[in-house]
Amino acid sequence: MTNEEFITIIRNWFPDVEIPEEDSQFLNVFVPKEKILEVAQKLRNDEVTKLDYMFNLTCVDWPEHFQMIYHLKSSEHGHMLVLKVKLENKENPEIETLCHLYRTAELHEREVYDLFGIKFINHPDLRRLLLEDDWIGHPLRKDYVDEINIVSL
Amino acid sequence: MEQNVIMNPDGTQEYFVNMGPQHPSTHGVLRLVLTLDGEIIEKVEPHLGYIHRSIEKMCEKDNYRQIIHLTDRMDYLSAHMNNHAVCLAIENGLDVEVPERAVVIRVIMDELTRISSHTLWWGVMGMDLGAITSFLYGFRDHEHITEIFEETCGARLTMNYNVPGGVMFDLHPNFVEKTKAFIADFKKKLPEYDTLLSNNVIFLERTKGVGILTKEMAVSYGVTGPAGRASGFSCDVRKHEPYSAYPNVDFNEILYTEGDTFHRYKARIDEMWESIKIIEQLIDVIPEGDFQAKTRNVIKLPKGEFYQKVETARGELGVFIVSDGKMNPYRMKFRSPGFSNLSALDEMARGGKIADLVATMSTLDLVVPDIDR
């Protein structure tokens with residue numbers, strides 16, 4: 001499916017998603033936080049889109065907000081799409097988990113929870129993955145300070 | 001011990017056993033917590049982070065040239081491919097044209113790496129199942145390739161040979177001759193692998209029908225590489241999103257539908273034949289010319305996001321750069337194949353025995369630094 005077809009079909013299904021017109025590698029779709037599960041479910045299960053392979057899940061810590069980024073691909077059709085979600089609340093960021101749709105999300109979300117402190121609602125086993133359970137802070141946040149191990153240049 | 005026991009309704013007891021972090025078959029410091037009912041595995045829970053070095057955080061402080069050598073240390077058996085992935089992502093951002101010579105050199109190096117990684121995996125796989133001989137055979141062939149690398153790159157394991165715009169040095173004058181000699185030799189050696197393991201009755205008993213992963217689950221867990229393709233998930237990045245010289249070479253994507261341990265094994269053996277095919281096509285036609293395009297000393301990527309996929313020996317490696325226009329990335333993420341492949345281990349091992357878990361884990365070909373990063 002081409003990007004134009006994607007834009008038409010997604011705007012049709014979900015009028016409140018934002019698809020900026022920009023020259024980027026993948027088609028970026030900005031989804032409101034509350035809608036992410038619904039949008040992902042539709043895109044994954046519908047025969048036309050069938051984005052059933054999540055090849056990447058990550059988070060970016062921007063100065064004003066967190067941004068969740070989901071890279072999706074269809075194993076059958078081969079088209080790709082990126083879902084982006086803005087998490088405005090920097091104090092207590094929360095988002096619905098996608099691990100019931102994509103099994104790979106379970107470990108990836110635990111990693112994001114560990115390193116960014118994003119809370120995934122309804123995640124079956126949300127614990128730290130790489131760091132110890134009693135670690136303080138979330139190292140990939142930009143405001144993380146560790147005077148002993150991180151040498152700033 | 002008392003606390004570790006849970007009573008099942010039918011009178012049997014569930015208990016936990018730690019496998020690793022110091023266990024020979026986990027190939028590194030990976031700790032699995034097994035929930036067992038007798039010898040039957042109920043659940044496998046990986047505990048990671050024993051060699052987490054926060055490479056992603058380090059990348060945010062480093063400039064783009066400094067990042068490349070860090071990726072050697074992730075999946076150290078696919079060092080060339082990891083470097084290649086980062087270089088391609090940077091070149092995408094810079095819009096640099098890589099000279100033809102460098103493109104071909106990179107692909108030959110990638111395929112040699114794939115063979116060396118698979119030979120090592122094959123030896124270790126035999127050893128995991130109790131056959132020491134294969135370990136020696138595997139290392140014998142692995143060693144020839146490391147020698148070829150050493151001559152050209154100056155290093156045997158963490159080569160750091162790719163740079164943005166091409167490769168660091170030109171090929172060593174012996175390279176073509178030695179590679180050809182190796183390929184000719186290896187074509188005779190590879191059938192030995194089949195004689196020793198692939199057709200061995202004990203080996204077949206241990207692997208056929210064990211640790212089955214269906215295609216749906218492979219897609220859902222994001223299991224890529226030979227492990228995913230053995231389940232019928234067509235995911236070869238070299239075919240689907242070809243990069244470098246791959247569009248111009250003729251090779252097959254190995255696909256099986258069974259998804260058991262034996263076919264994951266078979267997929268890797270077949271992949272070595274395909275790699276031989278690719279090297280043979282390219283080794284005689286390495287173009288003359290520059291091996292490196294001119295790039296600025298200080299690399300600054302434009303604002304934006306750059307994603308590059310590369311097929312490593314273990315599967316799909318994704319390099320994701322978020323740039324804010326400075327000389328170091330704002331955020332760098334490595335989607336490592338081992339991480340996703342490991343997540344499916346629970347699915348494959350459930351209902352089997354511990355000995356089957358060892359066989360299954362071997363065919364996932366886990367490299368722990370790649371998982372922890």
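Student: What percentage of the 373 residues in chain B do buried residues make up?

Tutor: In chain B, buried residues come to 50% of the 373. Keep in mind that this is a predicted model, where local features need pLDDT of at least 70 and side-chain atom pairs count only at pLDDT 80 or more, while totals for chains, interfaces and linings use all residues. Residues are numbered from 1 along each chain as its sequence is written, and chains are lettered from A and ligands numbered from 1 in the order in which they are written.

Student: How many helices and strands does chain B have?

Tutor: Both are DSSP runs numbered from the N terminus: helices are H or I with at least four residues, strands E with at least two. Chain B has 15 helices and nine strands, and its C-alpha trace spans about 70 × 50 × 35 Å along the principal axes.

Student: Which residues of helix α6(B) are buried, and what do they pack against?

Tutor: Thr179(B), Phe182(B), Tyr193(B) and Leu197(B) are buried there. For packing, think of contacts: two residues with backbone-placed C-beta atoms within 7 Å. The buried residues of α6(B) pack against α4 (100-128), α5 (132-153), α7 (201-207) and α11 (261-283) of chain B.

Student: And how do β7(B) and β8(B) pair?

Tutor: Strands of a sheet pair through backbone hydrogen bonds, parallel or antiparallel. Here a pair needs at least two DSSP bridges. β7(B) and β8(B) pair in the antiparallel sense over eight bridges, with Lys309(B) opposite Gly318(B) of β8(B). β7(B) is mostly covered, with seven of its eight residues buried.

Student: Where does chain B touch chain A?

Tutor: The contact involves 28 residues of chain B and 23 of chain A. On the chain B side, α1 (55-61), α8 (215-221), β7 (304-311), β8 (316-323), β9 (331-335) and α12 (337-343) each supply at least two residues.

Student: What is the strand order of the open sheet in chain A?

Tutor: Its four strands run β1-β4-β3-β2, with mixed pairing. β1 (28-31) and β2 (53-61) of chain A are at the edges with a single partner strand each, so one side of each has no neighbour in the sheet. Strands β3 (66-73) and β4 (80-87) of chain A pair in the antiparallel sense over eight bridges; in β4(A), Lys84(A) is the bridge partner of Ile69(A).

How values were computed. Buried ≥ 20, exposed ≤ 12 C-beta atoms within 10 Å, placed from the backbone.
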